[in-house]
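Let's take a friendly walk through this model, starting with its sheet and moving on to the helices. Have a look at the fold before reading on.

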Amino acid sequence: MADIVNIKNMYKSFFGVLALDGMNFSIGEGEIRCLIGENGCGKSTLIKIISGFYTFDKGSLYINGKEYKKITPIESMNEGIQVIYQDFSLFPNMTIAENIMMYSSIRSKGQFVNWKNIKNRAQETLDRIKFDIDIDKYVYELNVAEKQMVAICRAIAQDAKLIIMDEPTTALTAKEVENLFKVVSELKSRGVSVLFVSHKLDEVLQISDSFTVMRNGKNVYECKDKKLSKEDLIFYMTGKKISEERFNFVKTEEKPLMQVKNYTLQDKFYDIDFSLYRGEILAITGLLGCGRNELAKSLFGIIPATNGNIVINSENIGIIRNVQHALKYNIGYVPEDRITEGLHMEQTIADNAISVIIGSLVGKNGLLDDKKVRKKKQETLSLIPIAGMRPLNPAKSLSGGNQQKLVLSKWLAANPQILVLNSPTVGVDVGAKNEIHNIIKGLAKQGIGIIVISDDIPEIMTLCNRVFIMKDGYIVDERNIAETTMEELEAQIALEDSKAEETA
């Protein structure tokens, strides 16, 4: 089996810091390989060198047997390399057919567009992976799974030999992941190679033929052993064994910290009822579109509910009208997307740390009190250790896991009594995930009531003591984690999904 890509002893540095340190890597024809490693290990750098966005400092790069001292994005595409990033890089105001055939139209250099030919070729591509959808639909009308299929079809239309998928299952339901894996298997049968870059170890163990584990810019482990365990992968990624104990909640007060009663947001969720106790970590889960995301935002006043009321410390506050109303009652919110909603990426780490409480640092003259600001920055950044952090560097300089720690830190500065965590470890590697879980458990031990919105079932089983399942905007089931298993919880969510299909 010939190699599509072969990299030998490669080095790449940024501002004197090694991103690749003698990296070796290869992937053969029709191979499904998983590339894994902690955030900052060099995975993204490797991908961008293969796809032509970065040059390398030293080493050898062979694509389809041809050596490149440097390669451009166009040359990489012409060699059959296609990268599907997490945002899919699709044009929402163009149709499915136009998106699939976009690069072909550019490469043909024709002065006129043959729309009939574009539609026919796009339909042929859809048929190859048995993707049944109207090619005239606009991309903005599609859900995440459909957009991903369009991105795959676009790669296939370019006669891809290697498709690189960056975190391909992050926003997919279990059934959508199953469908994606069927497509990947079909691509393999046609001789197309697929490189998975993913943090979801259970999934990559299911689909991958081989594994490359990176740490500190190096290939530290490589194998084609399907008997490899999740624990083995974690050890090679981190260099240590990581085990998580289940969260043990002990109720210290009979009176709830927070009660949500008949909470409703028209067309999103209905009659939500639950209580949250001090020191509890409560989970709300369900398939995409179940209303869990809207509920999370509503509990923080980003999108106010239309009916119902909330009781905090025995005080009925009605609905949470806006973010300022939530802050008044010491509610904090960690959003699903830390990059666009959680942090000011261009601002310094230190400035981000005090962004929630900046109003409290104003002096009598209406100006920021520099002494208070410096002191609070130092205090806040000491709440959660962030390895290698330089306070004056921009937030974007941090890895995904450390960015998430920074978001948590800025909310801890506000002394919250209730924290709503929306997908708290999405896109975070296993080592950082373990650290964040321990931080959250530590916050619960301090008496903070925590609501976790997540579709990561292993995370829920480890981190929480109770879980509510949502379907079509309603809470349809409640489980005590100590009295259920991961398989039972997954089966219950799948059951609700199958019921919906039968009704439809």
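Two strands are taken to pair if DSSP finds at least two bridges between them. With that in mind, this predicted model has an open sheet of six strands, ordered β6-β7-β8-β3-β9-β10, and the pairing is mixed. β6 (81–84) and β10 (218–223) stand at the edges; each has a single partner strand, so one side of each is left without a neighbour in the sheet. From one strand to the next, the twist averages 20 degrees.

Inside the sheet, β7 (residues 162–166) pairs with β8 (residues 193–197) in the parallel sense, over five bridges. Which residue in β8 is the bridge partner of Asp166? That partner is Val197.

Now for the helices. Helix α1 (residues 43–50) lies across β3 (32–37), β6, β7, β8 and β9 (210–215), and runs at about 135 degrees to β3.

Two packed helices are described by the angle between their axes and the distance between the axes.

| Helix | Residues | Residues in the α5–α6 contact |
|---|---|---|
| α5 | 144–157 | Ala145, Gln148, Met149, Ile152, Ile156 |
| α6 | 174–189 | Glu176, Asn179, Leu180, Val183, Leu187 |

The axes of α5 and α6 come within 11 Å and cross at roughly 10 degrees. Angles under 35 degrees count as roughly parallel, which makes α5 roughly parallel to α6. What kinds of residues make up the contact of α5 with α6? They divide into seven nonpolar, two polar and one charged.

Key: Residues are numbered from 1 along each chain as its sequence is written. This is a predicted model: local features need pLDDT of at least 70, side-chain atom pairs count only at pLDDT 80 or more; totals for chains, interfaces and linings use all residues. Side-chain values use heavy atoms; hydrogens and water are left out. Helices (H or I, at least four residues) and strands (E, at least two) are DSSP runs, numbered from the N terminus. Axes are lines fitted to C-alpha atoms, for helices over the stretch in contact, and angles run from 0 to 180 degrees between N-to-C directions. Contact means heavy atoms within 4.5 Å. Angles under 35 degrees count as roughly parallel, over 145 as roughly antiparallel, 65 to 115 as roughly perpendicular and the rest as oblique. Ala, Val, Leu, Ile, Met, Phe, Trp, Tyr, Cys and Pro count as nonpolar, Asp, Glu, Lys and Arg as charged, and the others, Gly among them, as polar.
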